[in-house]
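What follows is the order in which I looked things up.

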Amino acid sequence: MLHPDKGPISLKPWKKECRCVFPDCALHQGVTLTVTVNTSQTQVSEKLVYTNPGGEGTAAQNFSCFIYNVHFMNCTWAPGRAAPDDVQYFLYIRDSKKRERECPRYVSDSGTHVGCHLDDLSGLTSYNYFLVNGTSQTTGIQFFDSVLRSKQIERYSPPANISVQCKPSSCLIRWERPSAHFRLDDRDFQYELVIQRQSRTQPPEYPMRIEVPGDSQNQYIFPSLEPRPKHTVKIRTGDARDAQDPRWGAWSRPVEFGSEDPDAGVVHVYVLIVLGTLGCALALGCLVKRFLRRHSLFQPVPRIKDKLNDNHPTDLQDVWEEFPAGAGKAEHEEVVTVQEVDRAPVSG
């Protein structure tokens, strides 16, 4: 068999029976079967071309399925680009034990089936064959098929019981691994944490993203010093077996830790510091003022000048010379002579 995706597939009839059974594979793109018969004289080959009957472009497209919350599965698809308006699609699932069932609950858009919901996955095996065919009154509808492994289409639930325990220098974040529909090892999981600081007065900071492997004992130490601002942490689970597409599940609810209002606390500290500084300045000013006032009440008594013991005696000649000339005896001064006269006796 020549498969368009897998290339040549060679099988031999079992116990010389004239039939051959191939494992499940997608056939919607068509295949070419080549049967070769070897005899003692010659070799005979015959080609069998298997095509997908129906109008080109009428098959369902964008088909995908995923398992979620351990017990549920959703499959979705879209009508083909050339599908007629009256097209109707149907989904059939066949497990590895060849047990087949139709979708129990369709999801419709304008009357056309575009999805399927299953709440009973007990019939699923490690891999399953999905077939979407269609009908129409006007034209033939091509089918679409796919083989999906259950472990590769599961979206894991968020981790459970997330807790945060803080110390003065760090916080320990712990969680429990989620349940899965199929049994998996711890190394098959990986986790992504988003830690973001919360603030009422500042715009939110860019969140911090951390990836933690599944074998890390489901914990992460977040460095954070006290006083610790308010933070939130949320976690989601992915598949570590596919590095290109971890197929991340839904986020957990945010868990808060740290101060309820760190910005207000910081403001209060700043206010206390400013008020304390102003108080100290006022107290110091009052003490200085009081000191200066006390010293102004007790002025020193002036000392009597001792001319005799003065280190710089006064030069009398110099002092005398300082007086002006007119201050002494005048050059022309009149002398008045008073002569005493005897008084005569008075006659009777």
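**Aromatic rings**

I began with F63, which counts as buried at 13% relative accessibility; buried means under 20% relative accessible area, exposed over 50% and partly exposed in between, with a 1.4 Å probe and protein chains only. I noted that this is a predicted model, in which local features need pLDDT of at least 70 and side-chain atom pairs count only at pLDDT 80 or more, while totals for chains, interfaces and linings use all residues. I also noted that residues are numbered from 1 along each chain as its sequence is written, and that side-chain values use heavy atoms, with hydrogens and water left out.

Next I looked up the ring pairs, and the structure holds ten aromatic pairs; rings of Phe, Tyr and Trp (its six-membered ring) pair if their centres lie within 6.5 Å, and planes under 30 degrees apart count as stacked, over 60 as edge-to-face and the rest as tilted.

**An open sheet**

I then traced an open sheet of four strands, in the order β8-β7-β11-β12 and with antiparallel pairing; two strands pair if DSSP finds at least two bridges between them. Its edge strands are β8 (100-102) and β12 (144-149), each of which pairs on one side only. Strand β7 (residues 88-95) pairs with β8 over three bridges in the antiparallel sense, and I found that E100 in β8 is the bridge partner of R94.

**Backbone exceptions**

N69 has a positive phi of about 50 degrees although it is not a glycine, and N69 lies in the loop between β5 (61-68) and β6 (72-78). V70, found in the loop between β5 and β6, has a positive phi near 70 degrees. I recorded N69 as partly exposed, at 42% relative accessible area, whereas V70 is buried, at 15%. Finally, the peptide bond from E226 to P227 is cis, with omega near 0 degrees, and P227 lies in the loop between β18 (219-223) and β19 (231-239).

Note on methods:
Helix = DSSP H or I, 4+ residues; strand = E, 2+ residues; numbered from the N terminus.
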